[in-house]
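Grab a pencil and work through these exercises with the structure open beside you. Try each task before you read its solution.

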Amino acid sequence: MTRDEMAVLLDRFLAGMRARDVDAMMAVLIDKCTYESPAGGHLKGKPAIEAFYRAWFDAFPDLQLQQKRRLQDGHRAVVVSTFTATHRGELFGMPGTGKRVTFDVLTAVRFEGTGIAGLCFFYDFAAALMKTGALKVKPV
Amino acid sequence: METEGAGRCVVMERRAIADLILQYEAVFASHNPKAQAALHAEDGVWISPAAGKVVGRAAIERNYRYWFEAFPDLTLDLEEMLIDGDWATGFWRMRGRQEGPFFGLESSGRRIDERMAILYRMSDGAFAHLQPFYDFSGVLIKTGALKIVGAPGKK
């Protein structure tokens, strides 16, 4: 795959995410794709990743993802984005709160063969849970 | 994306960028805040989930000192790096035991073990922009600086 071909695949994946179109997202993943995030844990294979995204979009049906920067190096890429959404559906057992959540996220992407083979997300997950109210904390 | 510290824009060779990131790891092991800060541009910016926007080498040095005092055995191990132009990302594993003051907490003796990504922009042989991405609030909870109250979803 060329650099441009990888960029196109990544564009399609991110466009699918912005449109909450899970089928479009899955279309660019290889079957044995792996996924890792604080929210989803470690997932292997498209069915597990698809199930996670359907639940994620149910929880955040107005999800927006604004790309701020992209890096590509060989068969890898990094995307830095701002995630913004309203917590409308169940999230870790907690019904929607209507609270807005915004955080920056860095996504590491690995390409293999004809598609995306790995996705790994880095962000302040506990802070996101606090914003939704799914996690309540107090300082010492 | 904020890119302060971009007064000058001297593109670095790929090898030089990789060497700077490797040097960052080596210097980190010495827990010398001044030496660590010296790898940053004089007007460099550190976008920190812990401290917010930290501008300038002196402030960056204070930030390193805070972490080294809070976690006297803190280690940062590079797992992978990715370079594109004068931007790069390092993928790291951060481990340490909280033994010094940390967000209102004295010594908890609790260990942290976090994977993180750090986004860098290089300029003129130094870090002009550094931005870590990791579960910082999770670190606060693991050390005990934040305490969970009630079960998820309960008032």
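**Exercise 1. Which residue of β4(A) is the bridge partner of A:Arg69? Is that residue buried or exposed?**

Step 1: Look across from A:Arg69 and you land on A:Val80, its bridge partner in β4(A). The model you're looking at is predicted: local features need pLDDT of at least 70, side-chain atom pairs count only at pLDDT 80 or more, and totals for chains, interfaces and linings use all residues. Residues are numbered from 1 along each chain as its sequence is written, while chains are lettered from A and ligands numbered from 1 in the order in which they are written.

Step 2: Strands (E, at least two residues) and helices (H or I, at least four) are DSSP runs, numbered from the N terminus.

Step 3: Count neighbours. A:Val80 has 22 C-beta neighbours inside 10 Å, so it counts as buried. The cut-offs are 20 or more other C-beta atoms within 10 Å for buried, 12 or fewer for exposed, and partly exposed in between, with C-beta atoms placed from the backbone.

Step 4: Zoom out to the strands. β3(A) and β4(A) run antiparallel, joined by nine bridges. Two strands pair if DSSP finds at least two bridges between them.

**Exercise 2. In what order do the six strands of the open sheet in chain A come?**

Step 1: Read across the sheet: β2-β1-β6-β5-β4-β3, with mixed pairing.

Step 2: Find the edges. β2 (41–44) and β3 of chain A each have a single partner strand, so one side of each is left without a neighbour in the sheet.

Step 3: Check the twist, which averages 15 degrees from one strand to the next. Angles here run from 0 to 180 degrees between N-to-C directions, and axes are lines fitted to C-alpha atoms, for helices over the stretch in contact.

Step 4: β1(A) and β6(A) run parallel with four bridges, whereas β5(A) and β6(A) run antiparallel with seven.

Step 5: Follow the chain from β5(A) to β6(A). They form a hairpin with two residues between them, and A:Gly113 in the turn has a positive phi of about 60 degrees.

**Exercise 3. How many residues of chain A are in contact with chain B, and which element of chain A gives the largest share?**

Step 1: Get the count: 29 residues of chain A touch 29 residues of chain B. Contact needs C-beta atoms, placed from the backbone, within 7 Å.

Step 2: Pick out the top contributor. β3(A) supplies five residues, the largest share of chain A's side.

Step 3: Sort that side by class: 19 nonpolar, two polar and eight charged residues. Ala, Val, Leu, Ile, Met, Phe, Trp, Tyr, Cys and Pro count as nonpolar, Asp, Glu, Lys and Arg as charged, and the others, Gly among them, as polar.

**Exercise 4. At roughly what angle do the axes of α4(A) and α4(B) cross?**

Step 1: Take helix α4 (residues 125–132) of chain A and helix α4 (residues 136–143) of chain B; their axes come within 5 Å and cross at roughly 90 degrees.

Step 2: Name the arrangement. The two helices α4(A) and α4(B) are therefore roughly perpendicular.

Step 3: List the contact residues: A:Phe125, A:Ala126, A:Ala127 and A:Met130 on α4(A), with B:Ser137, B:Gly138 and B:Ile141 on α4(B).

Technical notes: Angles under 35 degrees count as roughly parallel, over 145 as roughly antiparallel, 65 to 115 as roughly perpendicular and the rest as oblique. Two residues are in contact if their C-beta atoms, placed from the backbone, lie within 7 Å.
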